[in-house]
Amino acid sequence: MECSGIKDLLSEYIDDVLDSQTKAEIDQHLFTCEACSGDLASMKALVEKLRSLAPVKAPDDFLEKLHERMEPRMSFKKAMRILFIPGRIKIPLELATAAVVGILIFSLINIQQSQKMMSSIQESSSDVEISEDNSMHMAETKKIKRAYKYESDLEETRAPELAKKREVIQLALLLKKDRAYITYHPKEDTAGLGYSGKAEKRARIARQAVPGDETKAETLEKEDMFAERVTEESPQLKGKPVSPTSGLSETLSEVKNRIHLMDGKVISIEYDNQTGHPKSLHAEIPAKNYLSFIDKLKNIATFQIPPPTLPTRSTERIEIHISFMPL
Amino acid sequence: MNESVKKSAHIPSKDSDLVKAFQTGDTTAFDALVLKHKDKVFNLCYWFLGDTQEANDSAQDAFIKAYRSLKKFRFESAFSTWLYRIAANTCKNRLKSLEYKQKKKTVSLHNPGEEEDAYSMMEIRDESPSPSNGLEMKERTILIQKAIGSLPSDKRSVVVLRDIEGLSYEEVSKITGLNIGTVKSKLSRARLDLRAKLRGIV
C-alpha cells in the first residue's frame with residue numbers, strides 16, 4: 001500500500017472503523033514510513049483537540065425565551081401587565097381615556113341639538129326646500145320669507161288703524177259776493193238794505209229748515225232775530241259799515257249751524273293770528289249726511305274746487321276740513 | 001412552572017418517555033426535553049454557525065420546529081438524532097442566507113484548488129511569528145472555530161457531529177442523511193483540511 005492510499009484511510013484508522021486486514025496493512029506501512037507516521041500523529045492531535053473543546057452552553061434563559069416565542073399570548077399578557085401596572089403609565093392613560101369619552105359625549109349632545117334645530121326649521125318652513133348643497137339659496141329664501149312675514153304683520157297692524165282712522169275731506173269755500181251785503185250796511189242805504197237783508201235771511205232760514213224739523217228752523221230764526229235786535233238796538237253800530245270780518249263770522253256760524261243740523265260736531269276752528277279771521281273749521285259728520293251737507297254749503301258759499309265724492313270705503317262718521325277763502 | 005420543570009428535569013427520564021408524555025398531553029414534558037438537550041443543540045449550532053446569537057436563534061428555531069412536529073414522532077430513530085437533524089438542517093438553511101455570509105469579517109476566503117466551494121480553504125491571519133509562541137487556549141479555540149467555519153457545509157456538519165459532538169458514524173449518517181461511506185470520506189477530507197489550516201497551531 002502506497003502513502004497516498006494510507007493518507008485517505010488515516011481518519012478511519014484513528015476512529016478504528018477499518019476492517020482488520022486494512023488496519024494490519026496500514027500498521028505495516030506506518031512501521032516503515034516516517035512521513036505517514038507523522039501525518040497520523042498530527043491528525044490524531046487534531047481529532048483529540050476537537051474532542052477536547054469545551055462545549056458551549058445555552059443561555060440560562062433559553063427555555064423562557066423559547067416560551068415567549070412559542071406562546072405569543074403570554075408575551076401579550078406580560079406586555080399588558082407592564083403597560084398598566086405602573087401608575088405613571090396607568091394614570092395618564094386613564095385620564096386620557098376619560099377625556100376622550102367626555103369629548104365624545106359632548107360632541108354627541110351638540111349633534112343632537114343641531115339636528116333638533118334643523119328639524120324644527122324644516123317643519124316651520126314647509127314651503128321652503130332645505131338642500132344641503134344649496135345653503136345660500138336656503139338663507140335667501142328664509143330672508144325673503146321673513147321680509148314677507150314682516151310686511152304682512154305690518155299690514156295686519158295697520159289695518160285696524162286705517163279702519164279706525166276717519167277720512168278727512170278737504171273743502172274750500174269762497175264767500176259769495178252777495179253774502180257781503182247781508183252783513184254790510186252802508187250808511188245811506190241802511191233801512192232798505194236792512195229790510196231786504198232781514199227778509200232774505202228769513203227766507204233763507206225757511207229754505208234751510210229741513211222739512212219736518214221745524215224746531216230747528218225756529219231756533220235759527222230766533223238767532224237771526226236776536227242778531228237783528230242787536231243791530232237795531234245798537235245805535236253806535238247802526239248806519240256804520242260792517243267789516244268783512246263780521247261776514248266771515250256769520251258764514252262760520254252758518255256753517256256751524258249746518259254741521260249741527262247734520263248731527264255733526266265741530267272739532268276745532270282755526271283763526272288767522274294777524275287778521276283774526278276764521279281760516280278753517282274741522283268737524284265730523286255722519287257719512288250718510290255728507291251729500292246733503294254739501295248741498296247746504298252750496299247755499300252759503302261757493303266751493304273753490306268741486307267737493308270730492310265720498311269714498312266707497314266710507315266709515316260711519318267722516319271728518320271734514322273746511323277752509324274759508326274770503327274774496 | 002419553570003421551577004417545577006427544572007426540578008423534574010433533574011429526575012432521570014428517558015427521551016422516549018418524555019415524548020410519550022408530551023404526545024398524551026403533558027406539555028411540561030417538552031420543557032424537560034428542552035432542558036435535557038438544549039446545551040448539545042446549542043453547542044452544535046454554535047460550532048456550525050460560529051456565532052453565539054445565531055446559534056441561540058437557530059437552536060430555538062430547532063426546538064420550535066420539534067415542538068410542532070413532536071406529536072407526529074414515530075420513534076423510528078432516537079429523539080436526540082431526530083432533534084439534531086432538525087437543528088443541523090436549521091443551521092444549514094441559516095448558513096445559506098446572505099445575511100450570515102456578510103458577517104464573515106475576520107476570514108478571507110480563497111479557494112484556488114476547489115472553486116466550487118468557497119469555504120474549503122481559509123487563510124487564518126495568525127500574526128504570531130511561530131506556533132510555539134505560546135498562544136492562549138482561548139485564542140486557539142477561536143482559530144479552530146474559524147477553521148471549522150471555513151469548511152463547506154457538508155464537511156462542517158460531519159466533523160462537528162463526529163469530533164465535537166462525539167456521535168457515531170451511524171448517528172451522523174442519520175442526521176445528515178448521508179450514507180456511512182460518504183460520511184467517512186467527507187470526515188477524512190474535513191480532517192485533512194483542518195490539519196492543513198491549523199498546522200502549527202494544534
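**Note on the predicted model of chains A and B**

1. Ser4(A) is exposed because 8 other C-beta atoms lie within 10 Å; by definition, 12 or fewer such atoms make a residue exposed, 20 or more make it buried, and counts in between make it partly exposed, with C-beta atoms placed from the backbone. This is a predicted model, in which local features need pLDDT of at least 70 and side-chain atom pairs count only at pLDDT 80 or more, while totals for chains, interfaces and linings use all residues. Residues are numbered from 1 along each chain as its sequence is written, and chains are lettered from A and ligands numbered from 1 in the order in which they are written.

2. Ser4(A) belongs to helix H1 (residues 3-15) of chain A (a helix is a DSSP run of H or I with at least four residues, numbered from the N terminus). Between Ser4(A) and Cys36(A) the C-alpha to C-alpha distance is 9.1 Å, although 32 residues separate them in sequence.

3. Chain A has a mean pLDDT (the predictor's confidence in each residue, from 0 to 100) of 70, and 56% of its residues reach 70 or more. Over residues 125-134 of chain A, pLDDT stays under 50, and the model has nine contacts there beyond four places in sequence (a contact requires C-beta atoms, placed from the backbone, within 7 Å). Residues 177-203 of chain A also stay under 50, with 33 contacts beyond four places in sequence.

4. Where chains A and B touch, 29 residues come from chain B and 25 residues from chain A. On the side of chain B, H3(B) gives the largest share, eight residues.

How values were computed
Contact = placed C-beta atoms within 7 Å. Helix = DSSP H or I, 4+ residues; strand = E, 2+ residues; numbered from the N terminus.
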